[in-house]
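Hi,

Please read them with the model open.

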Amino acid sequence: MNPITTQLNYYTSRAISLHVPGHHNGTIGNLDIKLSYDMTEITGLDDYHHAETIIADSERLLTRHSDYQSRYLVNGTTTGLLSVLQSVKSSSVAVMRNVHKSVFNGLTMAGLKAYILPTTVSTVSQQYAGIDFSMINKKDLEEVTLAVLTYPNYFGETYDIKTAIEFFHDCDIEVLVDEAHGAHFDIAAGFPVSSIHYGADYVVQSYHKTLPALTMGSVIHIHHQASLKNNIRRYLSILQTSSPSYLVLSSLEQAHAFYVNYDAANFWQKRSILIQQLSHQVDVVEMDDPLKLMIRKDSYSGTALQSLLEKQFIYTELATLSEVLLVLPLWHEGDHFPMDRLLTAIKKTDVTDIPANNMIQAKNTLPTSPGYFNPVEGEERIVSLVEGIGYYTAQSLIPYPPGIPFVVAGERLTEGHVTVLQKYVGQGIRIHGMIDGKITIVE
Ligand SMILES: Cc1ncc(COP(=O)(O)O)c(C=O)c1O
């Protein structure tokens, strides 16, 4: 009976959250959310798709910079990204290699091709991080009118976004920044700066990931001079639900107030206690964004470390082949986060409980050169990974999480790709686009 509810009950009664959403199982942010707030557009309330009163007033409070108009999104950052891409009238867009799968989905839906920007790999996380401008041939950008940049990456790594925005603006290209993981940027000294301060044309932030908002609550900030602003509004209405949730809207409003009034003293104190405790067991890597930590231990795979923590009911954001990513709570005065339970659980965790020697090096395996997203059409065939070598892939192959394509639809599958994908599968990491070890290729 009620399998979802039963399992949620079981987990939320004991799980300790070091993952999104930012309310960490309702322990951060003192959200005032009642079932009775789940309302519709009755007189006295507002119509999200034609906001004139309370929603319009609340959206005005969202402003982070006077050059922008901000709007709530009730279907996540995904719909913000899709709406911008649908609004692009030209036929070419430039994207970083680590754009979220929703960007590739948006390109497909809009029938857009994309130039894949040469994207650098971080020496810290071994994940895509920034842009290699030295490898861009400006001729490749001649038809491009929009660049889609991921900032920060999933692992909390930043790069010089100011220079990146200036580079594209100098080429007459507008910039959409997917700041899904940066809704809390600028919250206090010591946190990274949002791209909104550097003139990005469109910035989309998943409030639900790092601030105490309900899942699906996001915000889009549109520059007053951005060329697509009217089209985007239209597509936001087309692509989002016609029954927007007041629960999500109210949580977004409260999350924004939390953001504006945040005092980080508690955060820094608890973060350093946590790092100290973890350091007895594993290596802790501090990322550019202080809200993210990566833990690793020589000779252990990320998935093995993750399962070990789960035995103590500590749930983390994701495991890669060799690391585990933690998303910390924005601790505050009066929060209900089970800090003592977390520290005790870490103390009880013994890494030597699991066999060593199962870490798989994933270094230098990601392609960094420029490329094209141009899905090919033709007869499709389902084949094993190995049989697929040399063929164009019909679907992107996406380790999930984080949901960043490892092979993009329309790319030719190489032996190198297959070696890494087999390692992912061997470690129990899910690959979207692959079913029972098989993929779809185009003949
Ligand atoms: C970089 C990035 N962009 C966009 C998204 C989609 O965001 P949302 O879940 O708010 O739709 C994600 C989700 O994980 C993401 O990691």
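Are Tyr154 and Phe155 buried or exposed? Both are buried (under 20% relative accessible area; exposed is over 50%, partly exposed in between, with a 1.4 Å probe and protein chains only).

First, the ground rules. This is a predicted model: local features need pLDDT of at least 70, side-chain atom pairs count only at pLDDT 80 or more, and totals for chains, interfaces and linings use all residues. Residues are numbered from 1 along each chain as its sequence is written, and side-chain values use heavy atoms, leaving out hydrogens and water.

Now the ring pairs. The whole structure holds 17 aromatic pairs. Rings of Phe, Tyr and Trp (its six-membered ring) pair if their centres lie within 6.5 Å; planes under 30 degrees apart are stacked, over 60 edge-to-face, the rest tilted. Tyr154 and Phe155 have ring centres 6.2 Å apart and planes at 55°, so this pair is tilted.

Phe191 and Phe267 also form a tilted pair, because their planes meet at 45°, with centres 5.3 Å apart. Phe191 is in the loop between strand 8 (174-178) and strand 9 (202-205), and Phe267 is in helix 9 (residues 265-279), so the pair ties together parts 76 residues apart in sequence. (Helices are DSSP runs of H or I, at least four residues; strands are E, at least two; both are numbered from the N terminus.) Phe191 is buried at 7% relative accessible area, and Phe267 is buried at 0%. Ring pairs join Phe191, Phe267, Trp268, Trp331 and Phe337 in a cluster.

Last, charges over rings (NZ of Lys or CZ of Arg within 6 Å of the ring centre and within 35 degrees of the ring normal). Arg381 lies over the face of Tyr391, 5.7 Å from the ring centre. The charged end of Arg412 is over the ring of Tyr392, at 4.6 Å from its centre.

Best wishes
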